[in-house]
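Please examine the sequence and the model shown below.

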Amino acid sequence: MKKITIDHLPRVEGNGGITAIIDGQAVSEVKFYINEGPRLIERLVIGRTPEEDVSLTPRICAICTVSHKLAAVRAMENALNVQVPHQTNLLRELMHMGEMIESHSLHVYYLALPDYLGFPNAIAMASKHEFEVKIALEMKNFGNHIMKVINGRFVHGENTVIGGFGKWPSREELLWIKSRAIQFMPFVYKTVNLFCTLNYPDIPEAETQYACCLPPHEKYGFWGDEILVSNGDRIFREDYRQLTNEFVVPHSYARHSRYQDKPYSVGALARVNNLGERLEGEAGRMFRKYFNDHWKKNPLYNNAAQALEILYCFERLPQLVDELLEIDNTPEIVSYQTQEGQGTGLVEAPRGLLIHHYRVEQGLVKGADIITPTAQNAEDIERYGMIAAQTLLDRGEEEKIRDRLDIIVRAYDPCISCSVHLAEVKTVEETAWENQLAEIKRQASPLFIGIGNITQGDDGIGPTLITKLKELGIKAVCSSELDTQNIKSLVNSDQPFIFVDALDAGKKPGAISLIPLLAVLYSSSLSHRLAPFIQNEFSYSQLKKSYLLGIQPRSITKQQHLSPEVSQALQRLIDQLEN
Amino acid sequence: MKGKKLKIGIYELTGCAGDALMILNCEKELPAIFQAVDIQSFLMAKSDNIDDELDVALVEGSVTTEKEVEELKDIRKRSKIVVALGLCATVGGIQARFQDPQKWQENFRQVYGETKMELPAVVSKPIDAYIKVDFYLPGCPISKEQFLNFFTRVVKGAPPESYPQPVCVSCKYKENDCLLKNGLFCLGPLTADGCGAVCPSHNLPCVGCWGPVQGGNWTSEFYLLQDKGFSREFIKKKMANFAGTKLSEFWKQFDRRD
Ligand code: SF4
Ligand code: SF4
């Protein structure tokens, strides 16, 4: 068994990794994990004032600090019934654009592009692409400048408060932002053309669900009071739990989420998929020019979507400044008296939907719930990692797995501080199937399903084991005994199942492997015999906890008995399952 | 710096990656930095990283897992100079509030339940809880100017400047109206200066994000704030937000006396 570990993901913001374990012809595990320890931010704010909360929570992440600030402030304003004037929202939007420009330009040019051009980092890339590297740095600097002018500092600025701003920027500062934005336009077009025509590999490709904020007034944008899912579902902000449904996984300090039991993705690609039709002007024209079916199922296109959003921001900046300049009297901070309430703030961080929810009692925070984009993406990162690794393995391109995993994680632009560094690929001789099996049995009692033919030598291992298990009183059936009726009840039961089958994994006869069913599903060679069974509407979580227990046969010929090696394997399995 | 370039490593433990990001935010100086020194490891910026002997290690973030304890000790062993970068590394960060192990446990369980985590966590601490630190550069996050100043000196082999004054000093230079005098709760007198009094210059009180200033007169500030009508509880909480582990001694003595 091989393990591919990218233990410290380079060029992502923070500290996390991804590991893949390869057992013969199957990928037996892909895990995206966050090395960073717990910060318990949601607990730190309990008993604090709303003002303290909005200055503490942005510290979750430096690169999304403005988004966290906005999500926190919007949640508090909803909880405490504070309505800010239109002008305040305009200035907030301008500030938010600063973060999008800074984060997207850093990501596409510095973190992602070196992958596609074959450099270890952007500085090395500068030897050949000096112009791009230099101007991209200036673009990033410009985004930072906007945040500094409006929020007080590049990172963790405090000028944004509940009800408004501590200080309003001067007309000169706003005008400078507008003129500078216009100067960047030629480079912005270049950026869109570059990233929309990059040669993105077609592995992995698979449909997924996308979620993002639904901005008001049929416009494109980065906040709203509803969530839009790609299947058309709309969720009001206070019902956000319908979408996120978080759960704890042992390998990461960021909790994972699924929607209707399926992984989903958030981020620039989700926004462009869900809202691209709303893009106007040049961004709309570019969307219609470049958008195609790959964008709907290939996470690597996130970089193209980010480039499109850079253009959107640069077109929006001058408009925003013009609107802001029409204001004669800058608004005061809206004060409030409310001491109780509950509310949610939805914002699009550069890397996707960000949710803050608070409960305030007697002027102090009593409950806090913060759901970060990277945590929501974690399940899909693992799923796409699995698809890519298994597909490459099937094609005999195992050596590509490590880099591909790296690129997938990076495409999601995770800010690992979302709680979360890299890829590791491990090959194992034999999976630690005993421990895994014991763990599966500990969590739920699975149903064993045997496949095979006892008149075909080692192919009889499945049915033979099932017979023994039945004698032991363990829940087991042969696939031949299954009909539509009992498959139906299995589909509805949420019970995990374990297929037992002879599996030619190119190993020593009698070798045992335990492979997640998802890997089997994504494989072009492994899935045939299970196909009629798993076509049924099993839920993702049921499939995710189900496995294929494969035994390497010595020979599959017409004979009634198992080879000595497979008989030994049979005995090992029985010993293990008995206790 | 004759001939040989200094070997530098930039490491991130648990935090928001803000200090590493602030280094990347030195857009104009970045190419020069990469030329002046040999950056051996900087996860956020490059993938060809090597973990070898270093002249200077810059460490951001607080220590929150057993694995990080090991990593940190390894960094110390390999490096001539270790610098604590940012509030998390210098004082433990905002996440260092729960120092009492039992309290920490309770809060941990509220978030992660009973799941047994693969990377065992520990109570959040600044890096000097585990290793000797040569220099501190506080801030949440660090400021660009302070960093470049610090970095240039270290590269030239000069000792870095220290910043012993509170935020109030910069605030006075900027001729701001004092917020404390106007009855607002401002932590300027107790907070290390490094930002140039940004918040007061935006009409907003300092929340203390550079951490406690060396030699701050905590007791007198405490009474001053009490006289202004703030409750003991309120003051304590506000002071604790960005002080990490650094005020625990003060509170022990203060509570005993009071
Ligand atoms: S000190 Fe502040 S800026 Fe630095 S990692 Fe900690 S929270 Fe982030
Ligand atoms: S909170 Fe205080 S130390 Fe932090 S930026 Fe504001 S004024 Fe400076």
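A:Lys140 counts as buried because its relative accessibility is 1%, where buried means under 20% relative accessible area, exposed over 50% and partly exposed in between, computed with a 1.4 Å probe on protein chains only. This is a predicted model, in which local features need pLDDT of at least 70 and side-chain atom pairs count only at pLDDT 80 or more, while totals for chains, interfaces and linings use all residues. Residues are numbered from 1 along each chain as its sequence is written, chains are lettered from A and ligands numbered from 1 in the order in which they are written, and side-chain values use heavy atoms, with hydrogens and water left out.

**Salt bridges of A:Lys140**
- A:Lys140 forms a salt bridge with A:Glu102, the closest N and O atoms being 3.2 Å apart; a salt bridge is a side-chain nitrogen of Lys or Arg within 4 Å of a carboxyl oxygen of Asp or Glu.
- This pair links distant parts of the chain, for A:Lys140 lies in helix α6 and A:Glu102 in helix α4 of chain A, 38 residues apart; helices (H or I, at least four residues) and strands (E, at least two) are DSSP runs, numbered from the N terminus.
- A:Glu102 is likewise buried, with a relative accessible area of 1%.
- A:Lys140 also meets B:Glu27 in a salt bridge of 2.9 Å, N to O.
- That pair crosses between chains, and B:Glu27 lies in the loop between α1 (18-24) and α2 (30-36) of chain B.

**Contact between chains A and B**
- In chain A, 63 residues are in contact with 64 residues of chain B, contact meaning heavy atoms within 4.5 Å.
- Across this interface the rule finds one salt bridge.
- The elements that give two or more residues to the chain A side include α4 (86-117) and α6 (130-151).
- By class, that side has 27 nonpolar, 19 polar and 17 charged residues; Ala, Val, Leu, Ile, Met, Phe, Trp, Tyr, Cys and Pro count as nonpolar, Asp, Glu, Lys and Arg as charged, and the others, Gly among them, as polar.

**Other salt bridges**
- Over all chains, a search finds 44 salt bridges.
- One of them joins A:Arg316 and A:Glu93 at 2.8 Å, N to O, and both residues are buried.

**Strand β17 of chain A**
- Strand β17 (residues 512-516) is largely enclosed by the rest of the structure, because five of its five residues are buried.
- A:Ile512, A:Leu514 and A:Pro516 point one way from β17(A), and A:Ser513 and A:Ile515 point the other way.
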